Amino acid sequence: PYVRRIAEDLVRDHAAWRAAVRALERAAGPTGALAGDEGQRMRRTVQTLAADIRASLAELAAIGVECKSLEEGLVDFPAVVGGAPASLPWRVGQPP
């Protein structure tokens, strides 16, 4: 349940981050300049979501789990199979 929660958070936060970046780019227009309160709010949203993603990735790394896809919530668990190191993949939506 712990890794599932983190992986689900990553999928959700990554989708929100991508949408926020696209909205910021559209609002900034071709010049890339967006001033004022709205621009600051949009940049803060992008930065907060990026920080949340980094924190979730760090949580996974702390327990030895590697994220392979933010979009799919694909993670690899370290394992030993037949005496050799291996990775066991799991994706959000799959049974444990």
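Here is a chat about how a few labels in this predicted model follow from its computed values.

Reader: What ground rules apply to the model?

Author: It's predicted, so local features need pLDDT of at least 70 and side-chain atom pairs count only at pLDDT 80 or more, while totals for chains, interfaces and linings use all residues. Residues are numbered from 1 along each chain as its sequence is written, and side-chain values use heavy atoms, with hydrogens and water left out.

Reader: Why is α1 called roughly antiparallel to α2?

Author: The axes of α1 (residues 2–28) and α2 (residues 36–62) cross at roughly 155° and come within 9 Å. Angles under 35 degrees count as roughly parallel, over 145 as roughly antiparallel, 65 to 115 as roughly perpendicular, and the rest as oblique. So α1 ends up roughly antiparallel to α2. The axes are lines fitted to C-alpha atoms, for helices over the stretch in contact, with angles from 0 to 180 degrees between N-to-C directions. Helices (H or I, at least four residues) and strands (E, at least two) are DSSP runs, numbered from the N terminus.

Reader: Which hand does the crossing of α1 and α2 have?

Author: Left-handed. That label applies if the near helix is turned anticlockwise from the far one by less than a right angle, and right-handed if clockwise. The residues of the α1–α2 contact split into 18 nonpolar, 4 polar and 6 charged. Here Ala, Val, Leu, Ile, Met, Phe, Trp, Tyr, Cys and Pro count as nonpolar, Asp, Glu, Lys and Arg as charged, and the others, Gly among them, as polar.

Reader: What makes His14 count as buried?

Author: Its relative accessibility is 8%, and buried means under 20% relative accessible area, exposed over 50%, partly exposed in between (1.4 Å probe, protein chains only). So His14 is buried. His14 sits in helix α1 and, leaving aside neighbours within four places in sequence, is in contact with Ile53, Leu70 and Glu71. Contact means heavy atoms within 4.5 Å.

Reader: And how do you know whether Gly39 is buried or exposed?

Author: Its relative accessible area is 0%, so Gly39 is buried. Gly39 is part of helix α2 and touches Leu24 and Leu34, not counting residues up to four places away in sequence.

Reader: What makes a set of residues a nonpolar core?

Author: They must be buried Ala, Val, Leu, Ile, Met, Phe, Trp, Tyr and Cys residues joined through side-chain atoms within 4.5 Å. The largest one here has 10 residues, including Val3, Leu10, Ile53, Leu60, Val75 and Trp90. The elements giving two or more residues to this core are α1 and α2, and α1 gives the most, with 4. Leu60 touches Val3, Ile6, Leu10, Val65, Cys67 and Val75, again not counting residues up to four places away in sequence. Apart from that core lies another of 7 residues, among them Ala20, Ala28, Met42 and Val46.

Reader: Why is Ile63 called partly exposed?

Author: Ile63 has 42% relative accessibility, so it counts as partly exposed. Ile63 lies in the loop between α2 and β1 (66–69), and touches Tyr2 and Val3, leaving out residues up to four places away in sequence.

Reader: What makes Glu59 partly exposed?

Author: At 27% relative accessibility, Glu59 gets that label too. Glu59 is in helix α2 and touches Tyr2, Arg5 and Ile6, not counting residues up to four places away in sequence. Glu59 and Val3 are 56 residues apart in sequence and 8.9 Å apart in space, C-alpha to C-alpha.

Reader: How do you know that Leu88 is partly exposed?

Author: The relative accessible area of Leu88 is 43%, so partly exposed is the label. Leu88 belongs to strand β3 (residues 84–91). Setting aside neighbours within four places in sequence, Leu88 is in contact with Val75, Asp76, Phe77 and Ala79.
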